[in-house]
Amino acid sequence: MKERLTRLKTVRKLIKNYRIESQDELLGYLQKEGFAVTQATLSRDLKLLKVGKVSDGHAGYVYTMPDEDERRESEQIYVQDFLRGYVSIDYNGNIVVIKTFGGHADSVSNALDALNMDEILGTVAGDNCIFACLKAGVSGEQFLKALKNRIPELEEE
């Protein structure tokens, strides 16, 4: 996990410091920094970091990072989706069960995934229920505490 976090920081730094036009170019910079990643991994990293492309004002496009206000605004939309759809949260071992209003599991699960919480390995959504698998060593209590840090409006059960 540490390598991933370090790689994500490096991707941010490279995009802020260089004029990068393609994933191939970014892969080259990452290799110079000592990271051996595939194009698919880099593509997932860019999506996770919400990297976009903007016109360079000439004839091409360059990668750009969202500014802090855009990031906060985007995260707040996910928080609202979560709060609008969830009914209850319970856990046992490394499995968290989030019950939702009918038809809301997908949007609540997407919101949880978009919050990119380190505690979560992955989520699976049904119609009115989400299963989240926690990473090794993370308890349900730790997850709930981290979720409440990200979503202070989350109500106690």
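Which strand does β1 (residues 52–55) pair with, and in which sense?

**View 1. The β1–β2 hairpin of this predicted model.** Strand β1 pairs with strand β2 (residues 61–64) in the antiparallel sense, over four bridges. Pairing requires at least two DSSP bridges between the strands. Strands are DSSP E runs of at least two residues and helices are H or I runs of at least four, numbered from the N terminus. G52 has T64 in β2 as its bridge partner. Five residues lie between the strands, and G57 in the turn has a positive phi of about 85°.

**View 2. Helices α2 and α3.** The axes of α2 (residues 23–32) and α3 (residues 39–48) come within 11 Å and cross at roughly 100°. That makes α2 roughly perpendicular to α3 (65 to 115 degrees). Axes are lines fitted to C-alpha atoms over the stretch in contact, with angles from 0 to 180 degrees between N-to-C directions. Q23, L26, L27 and L30 in α2 meet Q39, L42, S43 and L46 in α3. Contact means heavy atoms within 4.5 Å.

**View 3. The largest nonpolar core.** This core has 23 residues; F82, I89, I98, F143 and L147 touch the most other members. A core joins buried Ala, Val, Leu, Ile, Met, Phe, Trp, Tyr and Cys residues through side-chain atoms within 4.5 Å; buried means under 20% relative accessible area (1.4 Å probe, protein chains only). Another core, of 16 residues, lies apart from it and includes V11, I20, L27 and Y63.

**Notes.** Residues are numbered from 1 along each chain as its sequence is written. Local features need pLDDT of at least 70, side-chain atom pairs count only at pLDDT 80 or more, totals for chains, interfaces and linings use all residues, and side-chain values use heavy atoms, without hydrogens and water.

Technical notes: Parallel < 35°, antiparallel > 145°, perpendicular 65-115°, else oblique. Buried < 20%, exposed > 50% of the residue type's maximum accessible area, 1.4 Å probe, protein only.
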